[in-house]
Amino acid sequence: MGLLTFKGGVHPNDGKSLAKDKAIVELLPQGDLVYPLSQHIGAPAKPVVAKGDHVLKGQKISEAGGFVSAPIYASVSGTVKAIEPRVNPTGSKVNSIIIANDGQYEEVEYPQPKPLSELTKEEILNIIGEAGVVGMGGAGFPTRVKLSPKEPDKIDYIIANCAECEPYITADYRRMLENPELLVEGMRVILKLFDNAKGLFAIEDNKPDCIAKLKELTKDEPRMEVREMMTKYPQGAERQLIFANTGRAINSTMLPADAGCVVDNVETIISIYNAVVKGIPSMERVVNYKVLFGTNQNELIEAAGGLKEGCEKVISGGPMMGFAMYTTDTPITKTSSSILCMSKDEVSACEPTACINCGRCVDACPSRIIPSRLADFAERHDEEAFLKFNGLECVECGSCSYVCPAKRQLKQAIGSMRKTALANKKKK
């Protein structure tokens, strides 16, 4: 059988050799820590501390603001300096809790968790929700909500998204190489929630060492399987991942649960393990460095050697779907996956020209739509035509922009119109 994949996609230079062989290093913050109250999809968290309060590491500093929300915990001990708007990695100003790090890392006493075998499904879900676990692959959807579909008995597959298809990013790779047992144990927790499901570790074939480790750990697990996928971008996009591994297609009106699937990425599943098995809330993540939430990104850049002369662009996330940053004075959040510092801003240097109707964007599009036409509608603000030609089915992966010989910013135009169309749809 050939390697699992989907139609479309592109093969950019992955650039992973820059960091893939560098072991995870723990980085302790030096300055103030900033905790945006909006680090997830849904309602912002509500502060439960006030200016002047002394807090301990592992102490809840904000509670969920609704069902689709998640609490936030202090990742250091110190004093609450302020609760005020601060810039987050995407460039928005959001209300944030600022804690002055006292450098002591005094920690709360975590309650002794019950063995997994003694926990009910509802208890597991409550622990995950209370621990503040959200999707750490980028979307930030509260994990308790994701793991609570209307018909859990119809879930056939729990898919661990081990693809890490974005160029340059190697955080999940290092996690799988150094802590594969945590990933497997996290999958065991999730499978406890779904009696009829099988756990799939879906991983691209450019990670043979991780594949070997996971296969060894799951060889005696009848409910777990390692699936090898073709190395191709955007193999890790939720719809493409589901199709590659199950042959089931979903669209913009559906959730993975409608196709009998639940998808979580590597770091999320490890956070589930930490919460349920160890009783530790979500306070850190790996971006090749193991870093505490709230740490200033400048500290991370300095730890990596500092910015070199001539750096023209800094990106939060990957080069295909990340966000260009106008300042690095922002915190690491639950959804931060990497910081890319580019010596040249090749995108800004390109001068777009007229579409030559070559069709490359159509061949590359994993959603099987027509990006060049949708971008035309977007530039003309023709929302009716945009919707008629299935503009909402775009996953904003950027494959179209990558292959366009005219250097048109197709993804950006389509993405802007999608946001407008979705906002108008919500109003109606």
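## Exercises on a predicted model

His-381 is exposed, with a relative accessible area of 67%; exposed means over 50%, buried under 20%, and partly exposed in between (1.4 Å probe, protein chains only). The model is predicted, so that local features need pLDDT of at least 70 and side-chain atom pairs count only at pLDDT 80 or more, while totals for chains, interfaces and linings use all residues. Residues are numbered from 1 along each chain as its sequence is written, and side-chain values use heavy atoms, with hydrogens and water left out.

### Exercise 1: Arg-368 and Asp-205

**Task.** Describe the places of Arg-368 and Asp-205, and state how far apart their C-alpha atoms are.

**Solution.** 

Step 1. Arg-368 is in the loop between helix H10 (360–364) and helix H11 (371–379). Its phi is near 60°, a positive value in a residue other than glycine. With a relative accessible area of 44%, Arg-368 is partly exposed.

Step 2. Asp-205 is in the loop between strand S10 (198–204) and helix H5 (208–218). Asp-205 counts as partly exposed, at 31% relative accessibility.

Step 3. Apart from neighbours within four places in sequence, Asp-205 is in contact with Leu-3, Ile-211, Met-229, Met-230 and Thr-231.

Step 4. Asp-205 and Arg-368 are 163 residues apart along the chain, and 24 Å separates their C-alpha atoms.

### Exercise 2: The cavity

**Task.** How many cavities of 30 Å³ or more does the structure hold, and which residues line the largest cavity closest to its centre?

**Solution.** 

Step 1. The structure holds 1 cavity of 30 Å³ or more. On a 1 Å grid over the protein atoms alone, a cavity is a set of points where a 1.4 Å probe fits but cannot get out, and lining residues have an atom within 4 Å of a point.

Step 2. The volume of the largest cavity is about 100 Å³. Among its 14 lining residues, those closest to the centre are Cys-365, Pro-371, Cys-394, Cys-397 and Cys-400. Grid points are joined across faces, edges and corners, and a volume is the space filled by probe spheres set on the points.

Step 3. Helix H13 (399–403) and helix H14 (410–427) each contribute at least two residues to this lining.

Step 4. The lining divides into 9 nonpolar, 3 polar and 2 charged residues. Here Ala, Val, Leu, Ile, Met, Phe, Trp, Tyr, Cys and Pro count as nonpolar, Asp, Glu, Lys and Arg as charged, and the others, Gly among them, as polar.

### Exercise 3: Helix H3 and Ile-127

**Task.** Is helix H3 largely enclosed or open, and is Ile-127 buried or partly exposed?

**Solution.** 

Step 1. Helix H3 (residues 171–178) has 7 of its 8 residues buried, so it is largely enclosed by the rest of the structure. The buried residues of H3 are Ala-171, Asp-172, Tyr-173, Arg-174, Arg-175, Met-176 and Leu-177.

Step 2. Ile-127 is part of helix H1 (residues 121–130), and its relative accessibility of 26% makes it partly exposed.

Step 3. Beyond its neighbours within four places in sequence, Ile-127 is in contact with Leu-119, Ala-275 and Val-276.

### Exercise 4: The whole protein

**Task.** What radius of gyration does the protein have, and what share of its residues is buried?

**Solution.** 

Step 1. For 428 residues, a compact globule would have a radius of gyration near 22 Å, and the value of 21 Å for the protein agrees. The radius is taken over C-alpha atoms, and the globule rule is 2.2 Å times the number of residues to the power 0.38.

Step 2. Of the 428 residues, 52% count as buried. The protein has 14 helices and 17 strands.

How values were computed:
1 Å grid on protein atoms, 1.4 Å probe; cavity = no way out; pocket = protein on both sides within 12 Å on 5 of 7 lines; lining within 4 Å. Helix = DSSP H or I, 4+ residues; strand = E, 2+ residues; numbered from the N terminus. Contact = heavy atoms within 4.5 Å.
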